[in-house]
Amino acid sequence: MTASDGYLLDNRQTEAGRRFDALSALFDPTTFRHIEDLGIGPGWRCWEVGAGGTSVVSWLARKVGPTGRVLATDIDTSWAVSAARLPIEVRAHDIGTEEPPGQGFDLVHARLVLVHVPDREKALQSMIKALRPGGRLLIEDADPALQPLICPDEYGPEQRLANRLRQGFRTLLADRGADLSYGRRLPRLLREAGLRRVQADAYFPITSPACATLETATVRQIRDRLVAAGLATDEEIDLHLSHVASGTMDLATSPLISAWGRKE
């Protein structure tokens, strides 16, 4: 990924808010369960990396209370106007190139971030460096190569078209440096980085209204790039969007792999 390529799913695009809402509906329960299991409580210092939206940040703020701190960082913080109030601090930060914006955190969390970062190793080390001894790291990332289909039950032309467009989406991601098989390596990478008590699991819905919302928003965000790259035509995209809007398609996501561990 180069600066000129830009992030494929720009937070400033109109559909970004719908994507954030859909991702929250799909994955917040899993994220919150893991953070609860890690023991979060009043007074914790938390760093939310590549926050993107407000749902996780706001939930963390309620958990840590007025004596805690939640630092939310992202390259683009345009989403953060409504969230920037105590105990939440919002700061522009590039996890792939900059030093951590502090140390001594009880929890560092990143969801659907590192798969897009060119220097993932540096970013992971930065997050570990920011933890206090005994602090917890939770990384959650997709693994599109592990389950590449948006329609696992490919029984008709509508599903075949959907899967072909999803292949185009994966091509665009890979062209920008995304590692489409990163999620499955997280447990090993956390152990090799020196974390202890490393565990992991995976989750993906096979059909949900939020999956349809996410697909519609994503395709609308990338349609010009799909067409420009010769991966789809405008007519095919419009047809696919009409299929999704019909409510008769079972749409899945890539597995979200959650891996966590503690710093020595």
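Two strands pair if DSSP finds at least two bridges between them. Strands (E, at least two residues) and helices (H or I, at least four) are DSSP runs, numbered from the N terminus. The model is predicted: local features need pLDDT of at least 70, side-chain atom pairs count only at pLDDT 80 or more, and totals for chains, interfaces and linings use all residues. Residues are numbered from 1 along each chain as its sequence is written, and side-chain values use heavy atoms, with hydrogens and water left out.

**Exercise 1. Describe the sheet: what is the strand order, and which strands lie at the edges?**

Step 1. The order is β3-β2-β1-β4-β5-β7-β6, 7 strands in an open sheet with mixed pairing.
Step 2. β3 (88–92) and β6 each pair on one side only, as edge strands.
Step 3. From one strand to the next, the twist averages 15°. Axes are lines fitted to C-alpha atoms, for helices over the stretch in contact; angles run from 0 to 180 degrees between N-to-C directions.
Step 4. W47 has L71 in β2 as its bridge partner.

**Exercise 2. Classify the pairs F27–Y203 and F32–W59: stacked or edge-to-face?**

Step 1. Rings of Phe, Tyr and Trp (its six-membered ring) pair if their centres lie within 6.5 Å; planes under 30 degrees apart are stacked, over 60 edge-to-face, the rest tilted.
Step 2. The whole structure holds 3 aromatic pairs. The centres of F27 and Y203 are 6.2 Å apart and the planes stand at 90°, so this pair is edge-to-face. It links helix α1 (residues 16–37) to strand β6 (residues 196–203), across 176 residues.
Step 3. F27 is buried at 4% relative accessibility, while Y203 is partly exposed at 32%. Buried means under 20% relative accessible area, exposed over 50%, partly exposed in between (1.4 Å probe, protein chains only).
Step 4. F32 and W59 are stacked, at 4.2 Å centre to centre and 5° between planes. F32 is in α1 and W59 in α2, 27 residues apart. F32 is buried at 17%, and W59 is buried at 9%.
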